[in-house]
Amino acid sequence: MLAFSILIALILSEYTASADGWNYDFQGKDWGESFPNCDGIRQSPIDIQSEAVLSAHYLSPFFFSEAFYRPVQKATLSNTGHGFKVSVDGNGLNMGGGGLTHRRYELLQFHAHWGDHTRFPMGSEHTVDKRQYPAEFHFVFKSKETSTLAVLGFFVELSDIAAKGGLGNLIDLLAQTKFDKDSSSGSEDGNHDDGNEAVDSSVDISNHLKMSDLIPIGRNGGELDGFYRYSGSLTTPPCNEIVEWTVFHKPIFISLKQYEKISECCLDTTGEVTQNNFRPTQPLNGREVFTSLDSDGIPVWL
Ligand SMILES: [Zn+2]
């Protein structure tokens, strides 16, 4: 009985830890009570008003290290309790340029935000002229020199054609993983017999992903040429205002079926399917939003 009680206590403490003490029940309006940064004046996401953005000649093309074109050697897919996360730090996935403050940034992880099927197509965090997309991917980079972050954000739009290659594979992996209590794909130590998988559900997906399949680099069509830039915050607690945001003009396309797979991938700590895990837009408070395109839609560096 004592062992059982200890097990339950352990599970509960893990649950609390994975829940991080916050949720989306009140669209983040209550976060400031426990995380004061969330009431700051440079918060994210924002609504990008296309009439008000400024063409900025300091912006430049992004460049990515060779590692982006090879399978990621060490990658872990996990359920944060607020959605999925793929951790890829330590793989030499370095990025630079883009007019960012620092010279080099390393990719730590990526994740997504999405809606549900009743309030379609809500789901993205940033909006453009108040328009919300069904989902948004965030690739989180950390400066090699300081603790500041650069996040690359991509809107997700629906298409009749399913995304193939790396993105399609990732979405299939999410569907297989499920992150539910019956999942048999829990911890890698083989210790699956304690019914604890919902808490300890991380999956080794090393060598399964190529980042150039997810971030549209090296493709024709200038997918990365058009982007918005502004200073903001993490969009989840603790909401630190340490993020140089890049939001790309062109969305990533997936099929409705793939969208369903993403939006049903993960259970939260109460056993509910994680949906509507996006924060509403925050006041701009005088911040400027820049764009890499001139008034003719040509990149400023050309
Ligand atoms: Zn995010």
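Biologist: How many helices and strands are there in the chain?

Modeller: The chain has five helices and 15 strands. This is a predicted model. Of the 302 residues of the chain, 38% count as buried. Among contacts with a separation of 6 or more, 70% are between residues 24 or more positions apart.

Biologist: Is T270 buried or exposed?

Modeller: Count the other C-beta atoms within 10 Å; a residue with 12 or fewer is exposed. T270 has 10, so T270 is exposed.

Biologist: How should I read a nonpolar core?

Modeller: In soluble globular proteins, nonpolar side chains tend to be buried together. Here the largest nonpolar core has 60 residues, and F139, V156, M211 and I262 touch the most other members. Strand β10, residues 149–158, gives this core its largest share, six residues.

Biologist: Which residues is M211 in contact with?

Modeller: Setting aside neighbours within four places in sequence, M211 is in contact with F68, V72, L93 and L107.

Biologist: Which residues of α5 are buried?

Modeller: First, the general idea. An α-helix has 3.6 residues a turn, so residues three or four places apart point the same way. In α5 the buried residues are Q258, Y259, K261, I262 and S263. I262 is also one of the residues that touch the most other members of the largest nonpolar core. The cover over the buried residues of α5 includes β7 (105–114), β9 (135–143), β10, α3 (165–177) and β14 (252–254).

Biologist: At what angle do α3 and α5 pack?

Modeller: Two packed helices are described by the angle between their axes and the distance between the axes. For α3 and α5 the angle is about 45 degrees, and the axes are 8 Å apart. That angle makes α3 oblique to α5. The crossing of α3 past α5 is left-handed.

Biologist: Which residues make the contact?

Modeller: From α3 they are I171, L174 and A175, and from α5 they are Q258, K261 and I262. Sorted by class, this contact of α3 with α5 has four nonpolar residues, one polar and one charged.

Biologist: What should I look for in the backbone?

Modeller: Most residues other than glycine have a negative phi, and most peptide bonds are trans. Start with phi. N207 has a positive value, near 65 degrees, and N276 has a positive value near 55 degrees.

Biologist: Where do N207 and N276 lie?

Modeller: N207 is in the loop between β11 (202–204) and α4 (211–214). The loop that holds N276 runs between α5 (256–263) and β15 (290–291).

Biologist: Is N207 buried or exposed, and what about N276?

Modeller: N207 has 12 other C-beta atoms within 10 Å, so N207 is exposed. N276 has 16, so N276 is partly exposed.

Biologist: Where are P45 and P238 found?

Modeller: P45 lies in the loop between α2 (31–34) and β1 (47–48). P238 is in the loop between β12 (227–232) and β13 (243–248).

Key. Residues are numbered from 1 along each chain as its sequence is written. This is a predicted model: local features need pLDDT of at least 70, side-chain atom pairs count only at pLDDT 80 or more; totals for chains, interfaces and linings use all residues. Helices (H or I, at least four residues) and strands (E, at least two) are DSSP runs, numbered from the N terminus. A residue is buried if 20 or more other C-beta atoms lie within 10 Å of its own, exposed if 12 or fewer, and partly exposed in between; C-beta atoms are placed from the backbone. A nonpolar core is a set of buried Ala, Val, Leu, Ile, Met, Phe, Trp, Tyr and Cys residues joined through C-beta atoms within 7 Å. Two residues are in contact if their C-beta atoms, placed from the backbone, lie within 7 Å. Axes are lines fitted to C-alpha atoms, for helices over the stretch in contact, and angles run from 0 to 180 degrees between N-to-C directions. Angles under 35 degrees count as roughly parallel, over 145 as roughly antiparallel, 65 to 115 as roughly perpendicular and the rest as oblique. A crossing is left-handed if the near helix is turned anticlockwise from the far one by less than a right angle, and right-handed if clockwise. Ala, Val, Leu, Ile, Met, Phe, Trp, Tyr, Cys and Pro count as nonpolar, Asp, Glu, Lys and Arg as charged, and the others, Gly among them, as polar.
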